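Me: I have a structure open and want to get to know it. Can we go through it step by step?

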Number of protein chains: 2
Amino acid sequence: MPDLGLLLYLPHRELENRVFAALAEAGFDDVTPAQARVFHRIDPDGSRLTELAEAARITKQTAGFLVDQLERAGYVERGPDPTDARARLIRVAERGRAAVPVCLAAIAEVQREWTAHLGRPRMAALLDALTRLREITDPGR
Amino acid sequence: MPDLGLLLYLPHRELENRVFAALAEAGFDDVTPAQARVFHRIDPDGSRLTELAEAARITKQTAGFLVDQLERAGYVERGPDPTDARARLIRVAERGRAAVPVCLAAIAEVQREWTAHLGRPRMAALLDALTRLREITDPGR
DNA sequence: ATAGGGTGATCAACTTCTCTGACCGCTGTC
DNA sequence: GACAGCGGTCAGAGAAGTTGATCACCCTAT
């Protein structure tokens, strides 16, 4: 039995651990996976809380809780939404922008290792399959 | 940027949701993802708590907590380990055995859908790549 | 122009999962 | 047999998520 669930879970956990280890080493030691999943979905032009919650598939309350923490740590900032006084726009702040290259480097490093293990064609096939799978597993994008 | 982390996360979450929806519908509505991850690693001949904790990469305490819940709900049972009086063997119990086919059916159904979307060769390539990746992301197996 | 339903966000209380640290009993070696 | 070490549990805490209620603001249909 191929055990699809575990097969997807293991590499995801590995990658996540590696990225957070890299972040911690670079001094971004106060960010958690849950915060990162929200942070990750922030649009360059700013996002509303409800948008983030929907994209990350969590409740607005949880999203608000995580954005609070990110804001307190200086990774994001909240401002008013000029088009709707009820809403507030969440934007990536200075410290958040500084953390992004660290993540990207860690991901690239893991991808290099995996490519070395699998060989270039199999790695390409993996990325291709996962990308196409996103079409039916990421509702709304 | 392909965003490897999200690509692995999305299908895993989708599969997990589907399996737990199927379990709930079949009357196994008191089992949680964390419990399932431990349950899943139980050897047919029984496993020790410490083994399960290592395999699932959680602390002994967390494993104990989850096994407590699984035991109370009738999915597993604890017995003595004849070879070591300190240890206790955790085995799958009646209700646990009954839940397994429900999970397998749900996984098979998702796999069918994904195969239909990707095409047979791409799905095979995905499983192949993930299986090989396990060699370097599942330490100890 | 305004009354009322829908949307964006927050507050409060709770559950689940995970951790660290301390501890106890059994094993096996020297 | 003494004792270092392993298997497991107890206690306490924090992180991440939930539901339910509430409030302010928006927009459309009378």
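Predicted model: local features only at pLDDT ≥ 70, side-chain atom pairs only at ≥ 80, totals over all residues.

Me: How much of chain A is buried?
Reply: Of the 141 residues in chain A, 43% are buried. Buried means under 20% relative accessible area, exposed means over 50%, and partly exposed lies in between, with a 1.4 Å probe and protein chains only.

Me: OK. How many helices and strands are in chain A?
Reply: Chain A has six helices and three strands. These are DSSP runs numbered from the N terminus: helices are H or I with at least four residues, strands are E with at least two.

Me: What pattern do they follow along the sequence?
Reply: Chain A reads α-α-β-α-α-β-β-α-α.

Me: And what box do its C-alpha atoms fill?
Reply: Roughly 50 × 35 × 25 Å, along the principal axes of chain A.

Me: Now the helices. At what angle do helix 5 and helix 6 of chain A cross?
Reply: Helix 5 (residues 94-118) and helix 6 of chain A cross at roughly 120°, and their axes come within 6 Å. Axes are lines fitted to C-alpha atoms, for helices over the stretch in contact, and angles run from 0 to 180 degrees between N-to-C directions. The two helices of chain A are therefore oblique to each other. Under 35 degrees is roughly parallel, over 145 roughly antiparallel, 65 to 115 roughly perpendicular, and the rest oblique.

Me: Which residues meet there, between helix 5 and helix 6 of chain A?
Reply: Gln111(A), Trp114(A), Thr115(A) and Leu118(A) in helix 5 meet Arg120(A), Arg122(A), Met123(A), Leu126(A) and Leu127(A) in helix 6. Contact means heavy atoms within 4.5 Å. By class, this contact of helix 5 with helix 6 of chain A has five nonpolar, two polar and two charged residues. Ala, Val, Leu, Ile, Met, Phe, Trp, Tyr, Cys and Pro count as nonpolar, Asp, Glu, Lys and Arg as charged, and the others, Gly among them, as polar.

Me: How far apart are the axes of helix 6 of chain A and helix 6 of chain B?
Reply: Their axes are 9 Å apart, and the helices (residues 120-137 in each chain) pack at an angle of about 120°. That makes helix 6 of chain A oblique to helix 6 of chain B. Their contact holds ten nonpolar, no polar and six charged residues. Among those that meet are Leu126(A) and Leu130(A) from chain A, and Leu126(B) and Leu130(B) from chain B.

Me: Where is Glu77(A)?
Reply: Glu77(A) sits in strand 2 (residues 76-80) of chain A. With a relative accessible area of 43%, Glu77(A) is partly exposed. Leaving aside neighbours within four places in sequence, Glu77(A) has contacts including Glu71(A), Leu89(A) and Val92(A).

Me: And where is Gln35(B)?
Reply: Gln35(B) is in helix 2 (residues 33-39) of chain B. At 5% relative accessibility, Gln35(B) counts as buried.

Key
Residues numbered from 1 in each chain as written. Chains lettered and ligands numbered in written order. Heavy atoms only, no water.
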